[in-house]
Amino acid sequence: MKKPTANFKRCWILSTLLLSAFTFIGRRAIASPPEKTTEKEELLVLPGEVGRRGERLVVSLRGEPKTLNPLISVDTPSREVIGTMQADLVHINRATQLTEPALAKSWKISPDGLRYTLVLRRGLKFSDGYPMDADDVLFTFRLYLDEKVHAPQRDLLIFDGKPVSLQKVDSHTIVFQLPKPYGVMERMFDGWAILPRHLLEKPYEEGKIAQVGALTTPPNQWAGLGPFRLKEYVAGQRLVLERNPYYWKTDAKGNRLPYLDELVFLFVPSADAQVLRFQSGETGVISRLGAENFSVLARDQKDYAMVDAGPGLEYNFLFFNLNDLGEKAPPEMIQKQKWFRDLKFRQAVSSAVDREAIVRLVYQGRGAALWGLVTPGNRRWADEKLPHPPRSLEKARELLKEAGFSWGVPGNGDSWLQDSNGKPVEFSIIAQSSSSERSKMAALIQDDLKQLGMRVQVVPLESRSLLNRVTQTKQYDACVLGAASYDADPNSDINVWLSSGGLHLWNPSQAHPATPWEAEIDRLINEQMYASTFEQRKKLYDRAQEVLAENQPMIFLVSPNILAGAKNTIGNFHPAVLEPYVFWNVEQLYLKNGTENAAR
Amino acid sequence: MKMQRALTRWLLALGALHGTVVCAGFFAPYDPAVQNRMYPYLPPMRVHLVDTQGHLHARPFVYQPKLRVGSFDQYEEDITDPRPVKFLPSGDYYRLLGFLSCRRHLFGAKNARIYLLGTDAYGRDQLSRLLFGGQVSLVAGLLGAGITLLIGMCIGAVAGYFGGWRDTLLMRLAELFMALPWLYLLFAIRAFLPLAVSPLKAFFLIIVVIGTVGWARPARLVRGVVLSAKERDFVRAARGFGATNGYLLRRHILPETSSVLLTQAAILIPQYVLAEMTLSFLGLGVPEPVPSWGNLLSSLQQYSVLISHWWMYLPAVAIVPFYLGYLGLASSLHERGAAYKIESRILGNLT
């Protein structure tokens, strides 16, 4: 197999992982912060509703975080927690989807697009009171770039095999030197947590960096630049964070954020149990909700309000096995792949799928029908010219007829589709058994295709074995799956787009593009990555979306809305469609009347 | 006599219940797999005789449902749109008793669909699914019990009649089977099968697994009866006259086990229906869109369905009359068996 390109790796990270935040641990005992005269703090003033200090907020987390260490975290609960404890240089505002200053108060790009000069805020301090300066940034990126650390984000900093280099100009100015102009570098700063050198240098030198950041770390040995810091961890039950008194943001009236004194994460493994906890008032906020649970909660809103933030960045799709299975493939599979490779067959399937019914029946109307990978929730990048053909069984039948399929009538009144060799069209669709939404989609598609005379079986599979079949053994016919972009920027889905990408699901990790249109997409995506203006990138990306829609390797189905809810007492609750959906403004969340006393 | 009457009553009741399920195609208004995507989770429709103006109608009617404004799962009756109920209309094709192609249904509605027990997540008629689902569940129970009793009878008879090492071996095997965690066994078997199993194969797989796993208990009961029967005077006499083992078993000993086997059947059938429901509930049974009581209930695994749509519980209620019927039958059979034994003993003493 060809070594994955830098592009592929870059996207690999972006979509599989986080854009969150980061932290570290020191094993030594921490002395009190140096008593040096502090320079004037340059705090970031946030607009918006002014809240009230104090209280604690209890929320549930789908699972126990594996680590607090941003260098090794990959799971969602860890990302969610780390996001509230760490901060980045430049941040993407989840409401506007645009970049804005964070730890860096300003940045400049050289005319050739190769040098990014970032100026840090003055007077920044970690949550343990240690000052933060350019050396921490240099140290942080040294860690991310060190191969031995195995940071999952590392590949994002490598361009055509060459890493980004950093130079310190003075204690508050850093220059990032890129080997190649890169259109979205400033967006890429989002999620790179700046780590405390004073805590991590020693474990790093001892080669123990991967072991730091366990949840059992004593609170005084862990620090970050985020709004909250570690207070207590009870295994299997909860993680308690407390307010970071050194946080670098204030509200419009100059009160230092965050408002909350404590943020408690309860570990609640199932979605239904989370709903029950929220309903009983034990937790104050709920997110990542399914539409059915949302309407259950919406039905009796008294103490809480439910928010439908509109279509998010999750896209669900059906795809066929287009892998080159070689000579050892069973003849039956070769036969099936002959249908799947036929563009008209895929177009017919797409034309027969009732997307509106999926929106209505699976998401109770809380979703948007989808014809491309970029969801309507991604306002800047969705291609408005992309055709949205309505469902048409007639058109589907016509396409099948053109492709040489015909209908046989075996006596019992039903007619079955058969190919030009007289073989009945029969295949199975695998779907995640853990996702009732995707199983339902598959069942609806099964019925849609039955009307074309295709005999489809739906096979619910446990997620891991499903992914194993799709990416490793390739023993499947068709699959219903979903994915979510972590950022609105196209590059977060690069490993779906590129033929060399691991999430190019219908035929992943190709050495060479298998078809001319895949080669075309590869070219467009690579070009947009290095194009310098938004307009150029948008044009290229739109074209890529069109090529994908013309060739239908993925039959896009629907994008669900981001659904969340919070108690009425919680102020500044504005769920966004980008992760983290409800905690992107956690520093501004506050409790109105001091009524929240839920968890122990 | 009283006993006999009770037995007849139970048999009649069960016959009626099974008849309804066997003729599901006739009693069900629609094809159980047909989706009506306009009405997911529609609550059971009410049949009216009096309209909103207070007029009495000779023919019962239903109002077309419509979505409440701004909602996707709350319905209300559209009182401007009454649809009369039709009896014996022609509708979807079905096969009566598995081979007679028919289109006649017990009832339907003119230019509309009538959902007496509401619909499921895909807008499929819950009544039709319940009736057709009963076919799968009950046949699985009956066939499974048949297999169990056949195996149990053979093994029990061999162990009891021949005794010795055969008895020891078979009874230890029975104990092993009783200790088997059959649910996990089934998970394991399913994992070895190909990805997509057709509904028919899945159905027979369930029956075979349920049937073969439960033989131990009936085998032990049969063995006990055989042990006592083979020492009875008439058996000894027959043996004295030179009867072969096969003849003795067939003619004298196995008939003695009939009351035990019948009682066991009446107990096992509802248990096996329940077993099929459990397996389908867990997704190991017949695949969608074929209904069975178990996979009809599987949507209740979701909290939102559990608390929002009460008519999704109905398949669980459907098993109750069957269970009661079979248990009643079992106790009647048991009593009859006991009485028969006493009777024969008294008669035996007199002669």
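Leu42(B) lies in the loop that connects α2 (24–27) to β1 (48–50) of chain B, where helices (H or I, at least four residues) and strands (E, at least two) are DSSP runs numbered from the N terminus. The model is a predicted one, in which local features need pLDDT of at least 70 and side-chain atom pairs count only at pLDDT 80 or more, whereas totals for chains, interfaces and linings use all residues. Residues are numbered from 1 along each chain as its sequence is written, and chains are lettered from A and ligands numbered from 1 in the order in which they are written.

Leu42(B) is classed as buried because 23 other C-beta atoms lie within 10 Å; a residue is buried if 20 or more other C-beta atoms lie within 10 Å of its own, exposed if 12 or fewer, and partly exposed in between, with C-beta atoms placed from the backbone. When neighbours within four places in sequence are set aside, Leu42(B) is in contact with Pro65(B), Tyr75(B), Tyr115(B), Gly118(B), Thr119(B) and Gly123(B), a contact being a pair of residues whose C-beta atoms, placed from the backbone, lie within 7 Å. Between Leu42(B) and Val317(B), which are 275 residues apart along the chain, the C-alpha separation is 19 Å.

Chain B as a whole contains 12 helices and six strands, and its C-alpha trace spans about 85 × 50 × 35 Å along the principal axes. Of its 351 residues, 39% are buried. Among contacts in chain B with a separation of 6 or more, 70% are between residues 24 or more positions apart. The chain is divided into domain 1 (45–114) and domain 2 (129–350), with bounds that come from an automatic or database domain assignment, and the centres of these two domains, taken over C-alpha atoms, are separated by 40 Å.

The contact between the chains involves 24 residues from chain A and 19 residues from chain B. On the side of chain A, two or more residues each are given by α6 (271–279), α7 (291–299), α10 (355–363), α12 (436–450) and β24 (455–461), and α12(A) provides the largest share, five residues. This side of chain A comprises nine nonpolar, nine polar and six charged residues, where Ala, Val, Leu, Ile, Met, Phe, Trp, Tyr, Cys and Pro count as nonpolar, Asp, Glu, Lys and Arg as charged, and the others, Gly among them, as polar.

Key: Contact = placed C-beta atoms within 7 Å.
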